[in-house]
Amino acid sequence: MSQINHFSNHRLINWFKLSSPSTFYPVAGKLIPFFWVLTFLFGAVGLWVSFFVAPVDAVQGQGYRIIFIHVPASWMSMFVYLVMAAWAGLGLVFNARLSAMMAQALAPIGAWMAFLSLWTGAFWGKPMWGTWWVWDARLTSELILLFLYLGFIALRASIDDPRRADKASAILALVGVVNVPIIYFSVKWWNTLHQGASVSLTKSPAMAQTMLWGMLLMALCFWMYTIAVTLMRVRAIILEREAHADWVRQSIEVKS
Amino acid sequence: MKALLAIIHRDLLLVMRRKSEVLTALFFFVVVTSLFPLGIGADAALLRKIAPGVLWVAALLSTLLGLHRMFAADYQDGSLEQLVLSPQPLALLVTGKIIAHWIVCGLPLVLLAPIIGIQFDLDAGSLYVLMGTLLLGTPVLSLLGSIGAALTLGVRGGSVLLSLLILPLFIPVLIFGAGAVYAHSVGLDTSGHFSLLGALLILALAFVPWVSTAAVKIAIE
Amino acid sequence: MKALLAIIHRDLLLVMRRKSEVLTALFFFVVVTSLFPLGIGADAALLRKIAPGVLWVAALLSTLLGLHRMFAADYQDGSLEQLVLSPQPLALLVTGKIIAHWIVCGLPLVLLAPIIGIQFDLDAGSLYVLMGTLLLGTPVLSLLGSIGAALTLGVRGGSVLLSLLILPLFIPVLIFGAGAVYAHSVGLDTSGHFSLLGALLILALAFVPWVSTAAVKIAIE
Amino acid sequence: MWNSPSEFFAMGGYALYVWSSFGICALVLILEPLFVRARFRAVIRRLKQQQLAEQFDKEISK
Amino acid sequence: MFEGLNLTVSSGECLHVRGENGVGKTSLLRLLTGLSKPEAGEILWGGLSINKDVSSYHRELLFLGHRDALKEDLTALENLQLYAALDDIHLPDEKALSTLWHFGLRGREHLPVSCLSAGQKRRVLMARMLTRQAKLWILDEPFNALDVHAVQALQDLIAEHVEFGGLVVLTSHQEVMLPHVRVLDL
Amino acid sequence: MFEGLNLTVSSGECLHVRGENGVGKTSLLRLLTGLSKPEAGEILWGGLSINKDVSSYHRELLFLGHRDALKEDLTALENLQLYAALDDIHLPDEKALSTLWHFGLRGREHLPVSCLSAGQKRRVLMARMLTRQAKLWILDEPFNALDVHAVQALQDLIAEHVEFGGLVVLTSHQEVMLPHVRVLDL
Ligand code: HEM
Ligand SMILES: Nc1ncnc2c1ncn2[C@@H]1O[C@H](COP(=O)(O)OP(=O)(O)OP(=O)(O)O)[C@@H](O)[C@H]1O
Ligand SMILES: Nc1ncnc2c1ncn2[C@@H]1O[C@H](COP(=O)(O)OP(=O)(O)OP(=O)(O)O)[C@@H](O)[C@H]1O
Ligand SMILES: [Mg+2]
Ligand SMILES: [Mg+2]
């Protein structure tokens, strides 16, 4: 089967230059260091701001500093899902293998981000709310997001034929995307009756400018990190799936 | 249209041939709901409080249970290929299979729910609301479930994977369904819940058959 | 003995080949337990009260879910016939399959239960009791389940019928298991529950493999 | 803002929560690229082995 | 998988695809039915790509694969009738019964298919071939599990179909004794 | 089903059971293996009823049915090795590999069986026949789905087994070209 892949592959190069794995592979390789540098830059400044510039919170004391990783992780977990679904959809519509590979590469990092959001949230909740977990809409929706990621990964893993796995998981990702806003807005209708104890920073008088900056910088750091790791993973996936293609055999890494 | 009826007839005939199958989804519903009083204890006030949630979760699980069979048997013996190759549009046949599934797994739940509800000491009003939400909600479950059933075709361990994929999608239905019963029991208005469930049903009816059809085609290829 | 290890190895290898399968029973457990708060609402005191029941029912259901596959796949592709025809005593092979099932579906539940318990706001002592009861109880579930799995072999819609047959048998385990956690939380002694669970386990270990073996032979014939 | 390193590490009494959050976060974020790199190298190694095997095959057939 | 494969089958012809195990016969037949899509290249029917007007292509197509595609819980007769309903063909009871009898299933038409032997199941499929009224037959190892009489009956069926202007594409490891056979060796 | 059937097969013989579809060949073979029990009558092996000492009868028995009995998720090699472990046979890696190669599966020994074609799966079974070291082979339509070469290889295998004092009982709708064949027409 994979032999066919590489025959048609050569024909496609002229049409979509960058959408062919063989051209994208070296480009990605060159981009990776660039994003790592950005990650460390934003990370260093962000951490410095979070720990040494941002003042103590009036209500929560030093404990609030978890925000500097909690919020970026939460944002990225949702954003990555949308991007993943978009790539998967593109792959499905245009039958483009690279798009499907991008979706495949994004899923694990998205799942990790969701996990981190849950973990840091839980370790924030314990001192602030006195409990690790409440069944509040936002927490629940994040948990469901994690399940959606895991479902996507599990479905991919259980289908042997990669092309079929691409298509099937793309359908799942797209259906899941419909679910995200539904769950997210369910805050409105559900849980209005019995809200768990919740402390909200945004409600406290003024969110210090420096805090906001720290959060934004850390969010940028997470963003760049996600891109870097995704590019690394997509390269590995390309090699795995195009193992029989000529360009892989001739590429420098494999040769030397 | 004739083809739609033909496929529904075929699926129902198959279910009837195994008489036990008609009743098992139902029995599962009954058994699961009766497990809770056993596990939790017989405190009437507590039971009444958790009744909507338990009934709806049980409905979810018993729908889930029969879901895998929706396409799997046909896939394994090669009939699904023949359905794909039939001159009828596949989406129509898929819709037929979904309807048959609902008649076997969803409709009986709606009819049985009040009896279980009485065991949990729900009042008449709550029972009506419960039946209403189930009537609107269970078709959505069958519809959404068909996507999962089609996606996990031919995947070993598919029935377990299926529940993983599909339960998160069932959650909105659960929230609005159980929410409506709860809202009624504390004297709030339930029309919001109902219209949301209705909207979900209409949306699912409009889109899901196409999605499932695409998934079936992918599985066959 | 070598044959016992060989069959366990084989079944675990099969599960590992589908990496997702190792985790799905587990995920199902997590998802089902999370459905309840969604259906019932987020009242912490209420959740704490129903936690033992919900966790145990979820354990029952997730054991149930993978149960059908214990013999069904081997039956369908003809491997089970070959196992019956192997020079090893069949009871040994059946025991091996039950052990493999517990390692995949039971053991992870024991390990995961505390994390779910925390979400239901259980205290440390209750969590220990919960793990202990699951450790004794889940092997009984796998053992009893194997009877059902063997009896429903080759019956279409078997997995649904299976749950019907086997859930009633699971009830004693549920009652003692959830009962122990509840007893602990109200400060009562739990040793009685534990010794009962232990007795159930020993009885099941002594008799079930023979019963399942007989059922498998009947199914093959 | 911090008067001593020990005060910094105490995090105003929230040390457990803050540091386990940041700790796990760092752990995940560091391990993840390492895993990916390991996977990448494993692919490269396999490809190289395949190429060697093919070369041997060719030499033998000559 | 297949490169440079270019062939035309015309009305009144039978194409016998041969080749060793695993050479791709089944894959080729599935491509022809449209069940799987070619990576490159096209399959034409009456000058049109088969993906253009799927429904009318399917109306003229009958495919029998490795598996029987019969519902084991239903009787031979019910299986035949349900397929007719789905294929949009009018099939009165007497005609269905007489076709089953024709293939030696007299007395077994009301047995569930699960109680039939391997060869008897294939005979039910032969009955379907006769009632289906399709122009193009695609048959994957149709002679498997059939005894000598049944093989003869099936060959006659195919010969007649070809005689009346039908097309047949089949795979088989056995010799096929038919007029108008073209052999394709993969 | 069978009445007055009384036959003895002795060492170095091959029994070819023939008959029309549905006459009861498969049922007879399953009786012989002990998978189903006869309504009346007995099946003896070495003078003893096969139900007396099941384990040692099974040690000498190899049965291949209609279905492949291979785990689709495992590779051909793993399938072979796991069967060896269950059959209590020492099978070193090299021997397993060389047997698979012998049957034309070189390069496919590490593919999951689900990726093999119908005939390639049967070839894995042939490899098992060679490694199993059983005295009595009971084979239900073993030539199904095999191409000409493979049929020849299998016939050679059977001939050799019979030559060395083994017993073979098989069904097939095709002619079997073997010395020492006795035909049983049901
Ligand atoms: C496991 C527990 C938790 C989870 C899953 C979680 C999840 C999330 C998610 C998904 C977001 C992004 C959504 C948005 O920006 O609107 C978020 C933001 C946030 N979370 Fe959490 N959270 C958890 C616990 C907590 C706790 C305990 C606190 C504070 C006491 C907290 C405070 C915040 C704040 C302040 C934001 C930023 C909101 C904004 O300004 O946009 N979270 N969390
Ligand atoms: N799902 C799959 N994934 C990868 N390779 C496959 C898959 N199915 C089949 N193959 C390979 O494709 C090739 C062709 O298979 P196909 O089933 O078409 O063979 P065939 O000619 O029908 O053989 P047979 O006579 O044995 O039925 C085989 O070499 C097989 O190993
Ligand atoms: N489970 C069953 N219940 C009742 N009758 C059955 C059952 N299985 C098979 N039969 C009947 O028993 C008879 C013998 O079947 P068997 O499978 O042994 O035939 P066979 O000789 O192997 O035929 P083939 O050449 O078609 O494989 C058939 O007439 C069949 O209809
Ligand atoms: Mg084939
Ligand atoms: Mg037979």
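The paragraphs below take up the chain contacts, the metal sites and a surface patch in turn.

This is a predicted model, in which local features need pLDDT of at least 70 and side-chain atom pairs count only at pLDDT 80 or more, while totals for chains, interfaces and linings use all residues. Residues are numbered from 1 along each chain as its sequence is written, chains are lettered from A and ligands numbered from 1 in the order in which they are written, and side-chain values use heavy atoms, with hydrogens and water left out.

Taking contact to mean heavy atoms within 4.5 Å, there are 11 pairs of chains in contact, of which chains A and D share the most contacts. Chain D does not touch chain C, the nearest C-alpha atoms of the two being 16 Å apart, and no contact joins chain D to chain B, where the closest C-alpha atoms lie 24 Å apart. Between chain B and chain C, by contrast, 39 residues of chain B are in contact with 37 residues of chain C. These two chains bury about 3600 Å² between them, 79% of it on carbon and sulfur atoms, where buried area is the accessible area (1.4 Å probe) that two parts lose on being put together, summed over both. Across this interface the rule for salt bridges finds 0, a salt bridge being a side-chain nitrogen of Lys or Arg within 4 Å of a carboxyl oxygen of Asp or Glu.

For the metals, donors are N, O and S atoms within 2.8 Å of the metal (3.2 Å for Na, K and Ca), and sites may look incomplete because water is not among the atoms. The iron atom of ligand 1 has a single donor from the protein, NE2 of His70(A), 2.0 Å away, and His70(A) belongs to helix H3 (residues 67–94) of chain A; helices (H or I, at least four residues) and strands (E, at least two) are DSSP runs, numbered from the N terminus. The magnesium ion (ligand 4) is coordinated by OG1 of Thr26(E) and NE2 of His66(E), at 2.0 to 2.7 Å. Thr26(E) sits in helix H1 (residues 25–33) of chain E and His66(E) in the loop between strand E4 (61–64) and helix H3 (76–86), so that the pair links distant parts of the chain, 40 residues apart.

Finally, Val45(A), Trp48(A), Phe52(A), Val53(A), Val56(A) and Met1(D) form a nonpolar patch on the surface.

Notes
Patches are made of residues with over 30% relative accessible area and no salt bridge: like charges are joined within 9 Å, nonpolar side chains (Val, Leu, Ile, Met, Phe, Trp, Tyr) within 5 Å. Accessible areas come from the Shrake-Rupley method with a 1.4 Å probe; for residues, only the protein chains shown count as cover.
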